[in-house]
Structure formats: C-alpha cells, structure tokens
Amino acid sequence: MNTFRKTYKPFIGPFDPCPPMKVKSYETPPQLYMGFQPYNLPQFPNLQTALKHGTLWPALFAPYENPYRKGGA
Amino acid sequence: MWYYEKKLQYPVRVSKCDVQMAKFLTEQYGGADGELAAALRYLNQRYTVPDKIIGVLNDIGTEELAHLEMIATMVYKLTKDATPDDLKKAGLGAHYANHDKALYFENAGGVPFTATYFTAKGDPIADLYEDIAAEEKARSTYQWLINMTDDTDLIDSLTFLREREIIHSQRFLECVEILKEERDRKKIF
Ligand SMILES: [Fe+2]
C-alpha cells in the first residue's frame with residue numbers, strides 16, 4: 001500500500017531568521033501509482049458512501065488533512 | 001447541449017462567518033488553475049483530439065462547471081450578509097468598490113480571469129499533459145484552501161472537490177495510455 005503523504009527534513013541553517021519547520025510534507029495520491037485502472041475494482045457499498053468519498057472506488061480515495069494541524073506531519 | 005439539474009453536485013455548507021475565506025476561495029473561481037479555466041480548457045480541446053478520448057474531455061469539462069457552481073455557492077454564502085466594512089476588513093474592499101457583492105471571475109489577488117491561463121496546443125499528448133498538470137495544481141489549491149480554514153463543513157465540500165481532481169488526473173493519465181496503445185496489438189487484461 002502506497003502512502004498518500006511523504007515527508008522530508010529540509011536543511012536548517014544556523015542563521016535562519018524564523019523558527020525552523022523541521023519536517024515538510026507533500027501529497028502523493030493514489031492515481032500516481034495506479035496506471036490504467038484495473039477491471040472490477042471493489043466499490044463503496046452504496047451511492048451515499050461513494051458520494052461522501054468523492055469516488056466509487058476505495059482504491060482511488062485519498063483522505064486529506066491539514067498537515068499544519070496538531071497531529072499532522 | 002446540456003441538461004441542467006437544479007442541484008449541486010455535492011452539498012455545500014458553510015458554517016463559519018469567515019468573509020476572508022471568500023477571497024481565498026475566489027482562486028478556484030477565476031484563478032489560473034480554477035474551475036472556469038478547467039472547464040473551458042477541456043471543453044475546447046474536445047474538437048481536436050482523437051475520437052477515443054473526446055468523451056473523457058466532455059465529461060470532465062462538464063463536471064468542472066458543476067464544481068464552479070459549488071465554489072460560487074461558497075463565495076456567495078460568505079459574502080451575502082457582509083457589510084462594506086466587513087468586506088474591507090476581509091481584504092475585499094477593492095472588490096466591493098468595483099463589483100459590490102457580485103461574483104467576478106478573478107483570482108484571490110483580484111486579477112481578472114484571462115484565456116491565457118490555459119492553452120490548446122493541438123498535440124494530444126501535449127494537451128493531455130497540461131490537463132494532468134492542471135488537475136494536480138487544482139488539487140494543490142484545494143489543499144492550501146483546506147489548510148486555511150477550520151470550518152469542518154466547508155472542509156467537507158473542499159475535500160470532495162479535491163478528490164475529484166484526483167479522479168480527473170487518473171482519467172487523463174489513462175487517456176495518455178489509450179493514445180500510446182499500438183493500433184493492432186492484442187489487448188490482454
Ligand atoms: Fe478537475
């Protein structure tokens with residue numbers, strides 16, 4: 001299973017004016033890995049759930065949360 | 001032609017009176033990677049791409065218009081009850097001076113929309129690569145917008161829109177695969 005978010009530790013200079021952000025992140029959603037969508041991928045159980053997720057297929061669903069929030073990267 | 005359904009593609013609820021957010025959301029209304037640019041780009045490309053991928057451009061271009069409507073709804077909800085003073089404080093004083101509370105196709109910085117935000121190269125691969133990039137840029141804009149609000153209802157609608165960009169990107173990536181396919185090669189799935 002591929003992760004939807006990657007993190008890295010940028011260089012922190014000794015004379016930087018602001019408190020450093022030690023970890024930075026970027027998103028890597030599932031379409032980057034899928035290639036041609038395979039036939040018969042499992043679907044969400046009903047339309048309401050699918051609409052809520054914005055897609056019919058769990059394999060293409062990528063949750064997103066503000067990485068600057070507490071608990072985020 | 002189109003049939004219009006008198007409802008939004010996905011419900012839009014805004015729970016926090018944050019007028020400044022209206023200004024930021026405008027980026028997706030009339031900005032370079034916004035929904036208007038997306039819709040016009042894809043619907044225009046339909047005419048000059050190979051037959052096999054016209055349908056994808058048609059469907060996605062149409063869906064972008066539905067997204068445009070959702071963004072308009074958000075902006076409208078956030079500005080309709082604002083006084084000129086509220087708008088000034090939210091950084092929308094210049095907008096008010098020119099447009100009152102009318103929505104306008106401009107980006108978050110107030111720069112009017114322009115057709116130069118997208119192109120039509122006529123080369124299917126070049127155009128599809130632009131489309132894929134446009135989807136990833138729109139996905140990013142939604143992330144930056146989500147990062148600037150704590151209104152969970154607004155975040156819910158923005159998260160839906162972000163997910164749709166992921167699906168669109170997937171479909172355009174598949175279009176490239178379709179065009180790469182050798183004409184007479186047997187397909188094995
Ligand atoms: Fe899109």
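**Close-up views of a predicted two-chain model**

A search of the whole structure finds 13 salt bridges over all chains, a salt bridge being a side-chain nitrogen of Lys or Arg within 4 Å of a carboxyl oxygen of Asp or Glu. This is a predicted model, in which local features need pLDDT of at least 70 and side-chain atom pairs count only at pLDDT 80 or more, while totals for chains, interfaces and linings use all residues. Residues are numbered from 1 along each chain as its sequence is written, chains are lettered from A and ligands numbered from 1 in the order in which they are written, and side-chain values use heavy atoms, with hydrogens and water left out.

**View 1. Chain B is built from helices.** Chain B has eight helices and zero strands; helices (H or I, at least four residues) and strands (E, at least two) are DSSP runs, numbered from the N terminus. The C-alpha trace of chain B spans about 65 × 30 × 30 Å along its principal axes. Its average pLDDT is 96, and 97% of the residues score at least 70; pLDDT is the predictor's confidence in each residue, from 0 to 100. For the complex, the predictor gives an ipTM of 0.89 and a pTM of 0.94.

**View 2. Chain A meets chain B.** Here 25 residues of chain A are in contact with 25 residues of chain B, where contact means heavy atoms within 4.5 Å. The area buried between the two chains is about 2,000 Å², and carbon and sulfur atoms give 56% of it. In chain A, Gln31(A), Phe36(A) and Tyr64(A) lose the most area to chain B, together 33% of what that side buries. Buried area is the accessible area (1.4 Å probe) that two parts lose on being put together, summed over both.

**View 3. Salt bridges cross between the chains.** The count between chain A and chain B is two salt bridges. In one, Lys52(A) pairs with Asp156(B), with the closest N and O atoms 2.9 Å apart. Another salt bridge brings together the side chains of Glu27(A) and Arg162(B) (3.8 Å, N to O). Glu27(A) lies in strand 2 (residues 24–27) of chain A and Arg162(B) in helix 8 (residues 152–180) of chain B, so this pair joins two chains.

**View 4. Chain B holds an iron ion.** Its protein donors are Glu64(B) (OE), Glu135(B) (OE), Glu135(B) (OE), Glu165(B) (OE) and His168(B) (ND1), lying 2.1 to 2.7 Å from the ion. Donors are N, O and S atoms within 2.8 Å of the metal (3.2 Å for Na, K and Ca); water is not among the atoms, so sites may look incomplete. Along the chain, the donors of the iron ion follow the spacing E-x70-E-x29-E-x2-H. Glu64(B) lies in helix 4 (residues 54–79) and Glu135(B) in helix 7 (residues 124–147) of chain B, so the pair ties together parts that are 71 residues apart in sequence.
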